[in-house]
Amino acid sequence: MNNQWRFTGNELKYVSDVIASGEGSSTSGNYNSLFEQAFAKKCGAKYAVTFNSGTSTLHAALHALEVGYGDEVIMPPVTVISNFDVTIAANAIPVFADVDPETFNICPKDIEKRITPKTKAIMPVSVYGLSCDLGPIMEIAKKHNLVVINDAAEAHGATYQNKPISDYANITSYSTENSKHIATGDGGIITTNDPEMAKRCRKFASLGYHAMTADSGKVRLIAKDELQDPTYKRHDSFAYNYRMPEVAAAIGLAQTERYENFVDTRESIGLAMHDVVSTSNFMIPQKKIEGSRNTYWTFATRFTHTEVTWQEFRKKFMENGGESIYGCWALTYDEPVVANGQYKYHNPPLYNSLEYDRASYPNAEIIQPQLMLFPVNYPSLNDAKPVIEALEKTLRHYE
């Protein structure tokens, strides 16, 4: 599917402005700041900080919340591998908790079972556009003095208990990769209501420049005489270079100007697919939760037919005019880099004895091979109708 329709707002105008200004870096230009302000407002958050990916956002969040050597971070195994990778990068220990078979999100009750004296953070993932169960998660965190990073890479515009999800976790992380609601090609952005967390995340994304603040990524805020003097010192904290380029931020700002349109359209398509699938006796769609707005990065459903394979259903769907069905990621502990222990070379003393027992995650084991993910990234509900009709036709064929 051609995605040119996504970039029909002010994207070209703003990118041209960046080029004409000659200020292509976030440390000197204005578009990162403008994008951050606009995105924070849409999310109902006080601060936002841009990054070059929705993975570096998570790495920065761990750093900002002082998660480090030997600390345990609880996460679901039904997620992209980024959560595992950044935890290893922080020299912390990934601990998996099982998922809820109806929402496909991490199960709060199982989180509590995994807590040990080494636990420092919970990293729930709001998969496919549905918020994780933030109420109980935040209660558990408070009870055990833990921090929470909500990986909402796929959940732009989602709500929980009728409030923006950014109201809950210490830091909320979003991806702006090309398939997401708001797309910058590649990129990510965090939101928080804590100025200290915003400043720490920003500095971690930009080599630890001491001049940076919760609100600003500029590094030349002082007089030239001081800045250019050989005695001037720039970096006061350990950090990486995870900055979002001004060109990407310009696209992000233009996308955010149409935030409601992108989110509302995906929701309408996801709900239409939910209505179709709900009539089936072998499909179990991601559960609707009262007060939680699922903004459908993708429409997710479990395929439970006992006589038709996942692959056969997909083939028939494509024959009937469908465009694609994706499978769920392999469970994180089944990805080769984890299963063969390659990650252990990062820090052998810490990880050599670390192993994962699949019997500990029965729900994840059941639903992962069943999940069918239907893209909803269309210009309008009308444009998605042929795909919805193909789904309905395929379901009737196998009833």
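**Exercise 1. Find which residues S173 is in contact with, leaving aside its neighbours within four places in sequence.**

Solution. Start at S173 in this predicted model and look past its neighbours within four places in sequence: the contacts are G54, T57, L58, N150, D151, A152, A153, I189 and I190. Finally, ask how much of it is accessible. The cut-off for buried is under 20% relative accessible area, and S173 has 0%, so it counts as buried.

**Exercise 2. Work out which residues of helix 6 are buried and what covers them.**

Solution. Begin with the helix, residues 134-144, where the buried residues are L134, G135, I137, I140 and A141. Now look at the cover, which includes helix 5 (108-114) along with strand 4 (119-122), strand 5 (147-151) and strand 6 (159-160). To finish, step off the end of helix 6: N145 follows, with a positive phi near 60°.

**Exercise 3. Decide whether the radius of gyration of the protein chain agrees or disagrees with that of a compact globule.**

Solution. First, take the length: for 399 residues, a compact globule would have a radius of gyration near 21 Å. The chain has 22 Å, so the two agree. Last, turn to the contacts between residues at least 6 apart in sequence: 72% of them join residues at least 24 apart.

Note on methods: Residues are numbered from 1 along each chain as its sequence is written. This is a predicted model: local features need pLDDT of at least 70, side-chain atom pairs count only at pLDDT 80 or more; totals for chains, interfaces and linings use all residues. Side-chain values use heavy atoms; hydrogens and water are left out. Buried means under 20% relative accessible area, exposed over 50%, partly exposed in between (1.4 Å probe, protein chains only). Helices (H or I, at least four residues) and strands (E, at least two) are DSSP runs, numbered from the N terminus. Contact means heavy atoms within 4.5 Å. The radius of gyration is taken over C-alpha atoms; the globule rule is 2.2 Å times the number of residues to the power 0.38.
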